[in-house]
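Open the model in your viewer and keep the selection tool ready. This tour goes stop by stop.

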Amino acid sequence: MSHYNGGQRGSFLRKFVSIIFLLVCTQIFPLDFPNFSLGEENAKEEFKRGLTYKNLREYSAAKERFQKAVNLKKDFHLARLELANNYYLLGEWEEALDELEILATKAKNDLLITNKIETLRLAIAGGVTEKEKIYFKTIEGDSIRGYRFRNPVDITFDEDGNFYVAGFDTSNVVKFNAQGTPISNWRGGITRKLERPVSLVYQNQKVYIADFVRDEVLVFDLNGSYLATIGGPGKNPGQFRGPSSICFDPLGNLYVADSGNGRIQKFNQNGQFVLEILGIGNSKLVNPSGITIENQKIFVVDKDKLKVFVFDGDGNTIETISKSEWKKPRNIRILDNQIFLTDELTGIWTYSMLNGDWRQLPKFRDKNGVYRVLYRPFATNMDSTGSMYFVDFGKHRIDIFSHKNNLLSNLDLKIESIDTSDFPNIHIYTRVKNRGGKELVGIDRLSFRIFENDNMTPLFSLANKNKINEKLNIAIVYENSESLKKGKTNLEDGLFPLFRSLHDTDHITLYRAGKDSQLILPDTVSLRDILAKIRDSQAEEKYNFGKASIAALKKLSMETGPKILVYLVSKEAKEDSFLQYQKSRIVSYAKAHSIPIYVLTTNSNPSYEESWSDLTGPSNGKYIYLDGEGEERDLYKLFRSHLDYRYILSYKTDTNPELINRYIKIGIGVDHRGVKGRDEGGYFVPEPR
């Protein structure tokens with residue numbers, strides 16, 4: 001075992017942690033590398049080849065080798081487990097479940113197998129659909145030494161799971177990591193010191209903060225360094241009197257609720273004034289205090305009028321919402337198809353955009369069973385896992401609620417591959433998801449444990465997220481039809497913004513879906529080349545989207561960085577285009593590797609979207625009509641937002657390099673917010689290069 005040079009106390013603690021981990025993870029079932037009798041050597045060789053392919057992320061080849069190993073040695077349980085893992089990574093989830101259930105009959109008390117079965121059954125069923133959230137924890141602003149905040153007013157999240165809390169009375173912003181540990185305390189710089197922050201929002205590696213007293217929106221980087229200012233005191237366009245709330249639309253335009261001037265102001269991505277919304281007649285704004293945007297509609301809370309006004313993008317009133325129970329409405333957000341309105345005096349109100357009913361959130365019990373009341377709620381927000389955060393101005397605290405299943409179940413930790421090409425340096429690619437199938441972001445290095453042959457490896461590093469996500473990978477599958485060719489103008493106009501934004505490091509592959517599937521361009525960033533290939537293709541009547549999709553997903557799954565599967569279609573493709581590989585298999589494959597599926601179409605018929613929704617919806621993708629004026633203008637930014645959230649753990653092994661072809665068992669454990677997960681894998685000591 002490797003040790004820090006930290007003395008006997010550190011050594012004892014590491015041994016204690018190792019013992020505890022082993023007590024939890026010890027298996028009655030023999031998943032270690034077995035002994036091979038005469039005539040079984042071929043099973044060992046097939047397993048070795050399979051593991052080599054898996055660690056190269058060539059999952060189809062690995063599956064075939066593991067199948068042969070299991071057929072040659074029926075009780076080769078480790079090979080069966082790796083076969084199940086490869087079925088999962090190939091989107092063959094039913095087959096993976098079959099193999100795991102065979103293992104479970106041999107090992108009724110094996111926690112690793114049990115957890116994998118439960119997780120896979122949930123995934124096959126569509127994930128956790130339960131909406132119930134239970135109290136998780138409270139962050140008390142007065143009790144954090146060095147990171148104190150009082151009268152919190154707002155909270156926002158970045159893509160790494162960090163969150164930022166604005167303290168009105170303490171004139172600061174406190175940054176927390178995904179575990180809820182404070183890591184920095186911002187008060188601004190010498191020239192732009194925060195005075196009374198009242199609203200904040202994260203956007204593109206920056207935090208925008210509305211300062212009520214300074215009459216400005218201040219822009220900071222994620223380390224708390226001041227970058228820029230928008231606005232200033234006054235009533236002219238681009239100036240503020242008490243900015244009270246800010247938000248962004250999907251195109252990156254900033255909206256500011258200018259409470260003292262009774263208006264909403266819109267600024268473009270360069271911070272330049274674009275539009276003023278005042279409202280007219282009964283919808284004329286008096287004291288706007290909260291703002292959010294959903295589906296190109298602008299929702300504005302007016303604290304004096306006790307109403308929510310809904311405007312279109314040009315400032316025309318669409319709807320007015322009110323309830324007689326509201327006394328001092330403050331803020332509004334739309335999260336998970338629900339409107340959350342915070343009223344400082346009566347609490348938090350929600351409106352289901354699916355069921356159409358308002359209700360007031362009740363009191364809740366903490367972990368001690370004591371009822372807690374939101375004293376003066378100011379804002380709500382939701383992180384990437386679906387956990388809710390309630391900001392209580394009066395009690396100086398943040399109350400956090402999470403899905404019940406996510407707090408009571410194990411995490412879904414999976415080892416995708418183990419890279420030994422730089423031996424003795426080992427690089428382990430892992431994913432961590434909750435029971436809802438959502439990837440967990442922002443888990444720090446200290447939350448992981450690595451065991452090699454049951455010995456804990458304390459010295460390891462976690463790869464930098466920015467380096468992992470340097471390259472964008474797009475696989476385009478086009479419908480080989482005459483209709484798509486006729487939509488050439490739409491294709492060119494719709495795709496031009498994407499290709500204009502591409503970097504030299506980005507990578508696009510082009511596949512033709514005709515009667516058969518074919519890789520047309522293995523690597524390009526040229527729109528001209530893609531359009532030429534589509535134009536020159538001999539149009540067909542049948543389209544094998546299934547085969548082309550699987551080929552594209554196999555290639556994408558080997559890449560590092562954001563990965564996107566894109567269909568270019570017209571109106572001709574039908575359900576029989578997926579007979580060879582059904583849509584469910586394609587979705588499972590895509591979800592296993594967190595690859596969203598986008599459908600870009602030249603067909604202007606909105607009803608056509610439904611036929612593709614079973615691909616785009618479950619994979620977190622979108623259906624977009626290429627008309628040159630819609631969401632396709634921001635496709636590059638949209639694609640880039642699908643970050644590769646894998647955790648790459650690296651360490652230097654103590655294994656003797658002379659032990660060539662010796663199997664080395666790897667165990668990974670993680671503990672995030674008190675919920676644990678683990679997985680096992682392994683590698684063979686490679687021959688020297």
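How many cavities of 30 Å³ or more does the count come to? The count comes to 7. Keep in mind that this is a predicted model.

**Stop 1: a cavity among helices**

Go to the second largest cavity. Its volume is about 70 Å³. Select Ala84, Asn85, Tyr88, Ala96, Leu100, Lys116, Leu120 and Lys414: these residues line the second largest cavity. By class, 5 of the lining residues are nonpolar, 1 is polar and 2 are charged.

Now colour three helices: H4 (77–89), H5 (93–106) and H6 (111–124). Each supplies at least two residues of this cavity's lining. Which helix gives the most to the lining? It is H4, with 3 residues.

**Stop 2: an open sheet**

Next, show strands E2, E3, E4 and E5. They make an open sheet of 4 strands in the order E2-E3-E4-E5, and the pairing is antiparallel. Look at the edges, where E2 (152–157) and E5 (182–186) stand. Each of these two has a single partner strand, so one side of each is left without a neighbour in the sheet. Neighbouring strands of this sheet are turned by 20° against each other on average, direction ignored.

Zoom in on E2 and E3 (residues 163–167). The two pair in the antiparallel sense over 5 bridges. Select Thr156, then find its bridge partner in E3, Tyr164.

**Stop 3**

Move on to strand E19, residues 338–343. Is E19 mostly covered or mostly exposed? Mostly covered: 5 of its 6 residues are buried.

E18 and E19 run antiparallel and are joined by 6 bridges. Select Arg333; its bridge partner in E19 is Phe340. Then look at the hairpin of E18 and E19, which has 2 residues between the strands. Asp336 takes a positive phi near 55° in this hairpin.

How many residues lie between E19 and E20 in their hairpin? There are 3.

Finish on Phe340. Its bridge partner in E20 is Thr350, and Phe340 is also the bridge partner of Arg333. Show Arg333, Phe340 and Thr350 together to see both pairings.

Technical notes:
Residues numbered from 1 in each chain as written. Predicted model: local features only at pLDDT ≥ 70, side-chain atom pairs only at ≥ 80, totals over all residues. Heavy atoms only, no water. 1 Å grid on protein atoms, 1.4 Å probe; cavity = no way out; pocket = protein on both sides within 12 Å on 5 of 7 lines; lining within 4 Å. Points joined across faces, edges and corners; volume = space filled by probe spheres on them. Nonpolar A, V, L, I, M, F, W, Y, C, P; charged D, E, K, R; others polar. Pairing = 2+ DSSP bridges. Axes fitted to C-alpha atoms, helices over the stretch in contact; angles between N-to-C directions. Buried < 20%, exposed > 50% of the residue type's maximum accessible area, 1.4 Å probe, protein only.
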